[in-house]
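Good morning, everyone, and thank you for making time for this short talk.

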Amino acid sequence: MWGLIYSVTTSRARIETSIPRKHGPAIAGYDSVCYCFVAFLKHVDFNVVRCAVIGSPGFTKDQFHRYLLLEAEKKELRPIIENKSKIILVHTSSGYKHSLREVLDAPSVMNIIKDTKAAEESFFLSNFMAFRFQDPDRACYGPKHVEVANERLAVQTLLLTDDLFRNADVPTRRKYVDLVKSVKGSGGKAHIFSTMHSSGEQLAQLTGIAAILRFPLPDLDDIEM
């Protein structure tokens with residue numbers, strides 16, 4: 001179970017158990033889902049969270065959701081009963097942390113968290129990826145390519161991980177702080193991504209720095225990264 005707080009993802013509980021394949025009300029008697037149920041009650045406070053997302057491959061999410069609501073009715077758990085509309089089911093390729101990317105990209109989740117920093121990061125990274133594949137001359141990544149693009153006043157949106165922006169090495173930190181100032185000074189926007197969040201982790205895999213450009217720069221590919 002992971003908690004998403006603004007742009008930081010934290011592990012709240014780790015549970016490894018099999019969900020029974022049996023369907024219907026009888027599932028409420030199976031002990032194997034009790035661990036998940038207890039973790040849900042302990043870590044999901046609807047006075048704080050906007051939504052609780054249950055994600056899984058196949059029908060596991062549906063089975064647990066059914067169990068959760070049955071137990072809530074049985075035990076008269078008002079917080080769950082009154083907030084069941086905030087419990088969202090999302091298909092994911094696995095139950096591991098990397099599938100949080102799929103959760104955040106789900107329209108049903110984006111509609112709820114659209115004004116949070118996590119949603120903003122997810123949006124801009126998805127936008128960058130779209131340019132990278134559909135209009136690659138207007139997307140670049142890597143320190144050298146982004147620096148050259150900035151020198152040509154081409155950077156419209158800068159994406160940067162906090163590991164670079166707040167780097168412990170003073171010259172490195174100053175370099176990226178100055179880059180952010182330069183991009184903003186030329187009318188661009190800069191977004192700092194937390195590497196404790198799935199979008200930041202994905203950006204870190206692309207060297208930690210990327211940019212969406214105002215106009216195409218096809219010759220960037222000729223410059224060594």
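This is a predicted model: local features need pLDDT of at least 70, side-chain atom pairs count only at pLDDT 80 or more; totals for chains, interfaces and linings use all residues.

Let me begin with one aspartate and its surroundings: leaving aside residues up to four places away in sequence, D137 touches L213, F215, P216, L217 and P218. D137 itself sits in the loop between α6, which covers residues 117-134, and β5, which covers residues 139-141. Is D137 buried, exposed or something in between? With a relative accessible area of 30%, D137 is partly exposed, because the partly exposed class lies between the 20% limit for buried and the 50% limit for exposed.

In one of them the side chains of R152 and D219 meet, with 2.9 Å from N to O. R152 lies in the loop between α7 and β6 (155-161), and D219 lies in the segment after β8 (209-213), so this pair ties together parts that are 67 residues apart in sequence. Both partners count as partly exposed, R152 at 35% relative accessibility and D219 at 32%.

A second salt bridge joins E147 and K175, whose closest N and O atoms are 3.1 Å apart. This pair also links distant parts of the chain, with E147 in helix α7 (residues 143-151) and K175 in helix α9 (residues 170-185), 28 residues apart. E147 is partly exposed, with a relative accessible area of 24%, and K175 likewise counts as partly exposed, at 39%.

For contrast, look at R78 and E82, whose side chains meet in a salt bridge at 3.5 Å, N to O. These two residues both lie in helix α3 (residues 78-82), 4 residues apart, which is about one turn of the helix. R78 is partly exposed at 44%, whereas E82, at 55% relative accessibility, counts as exposed.

Now let me return to the two helices that E147 and K175 belong to. How do the axes of α7 and α9 cross? They come within 11 Å of each other and cross at roughly 35°, and α7 passes α9 in a left-handed crossing. On the α7 side the contact is made by P143, V146, E147 and N150, and on the α9 side by K175, Y176, L179, S182 and V183. If we divide the residues of this contact by type, there are 5 nonpolar, 2 polar and 2 charged.

My last topic is the aromatic rings, where the count comes to 4 aromatic pairs. Why is the pair of F123 and F124 called edge-to-face? The ring centres are 5.2 Å apart and the planes stand at 75°, and the pair is edge-to-face because planes over 60 degrees apart are given that name. F123 counts as partly exposed at 47% relative accessibility, whereas F124 is buried, with a relative accessible area of 15%. Elsewhere in the list of ring pairs, F40, F46 and F64 are linked into a cluster.

That is where I will stop, and I am happy to go back to any of these residues on the screen.

Technical notes
Residues are numbered from 1 along each chain as its sequence is written. Side-chain values use heavy atoms; hydrogens and water are left out. Buried means under 20% relative accessible area, exposed over 50%, partly exposed in between (1.4 Å probe, protein chains only). Contact means heavy atoms within 4.5 Å. A salt bridge is a side-chain nitrogen of Lys or Arg within 4 Å of a carboxyl oxygen of Asp or Glu. Axes are lines fitted to C-alpha atoms, for helices over the stretch in contact, and angles run from 0 to 180 degrees between N-to-C directions. A crossing is left-handed if the near helix is turned anticlockwise from the far one by less than a right angle, and right-handed if clockwise. Ala, Val, Leu, Ile, Met, Phe, Trp, Tyr, Cys and Pro count as nonpolar, Asp, Glu, Lys and Arg as charged, and the others, Gly among them, as polar. Rings of Phe, Tyr and Trp (its six-membered ring) pair if their centres lie within 6.5 Å; planes under 30 degrees apart count as stacked, over 60 as edge-to-face and the rest as tilted.
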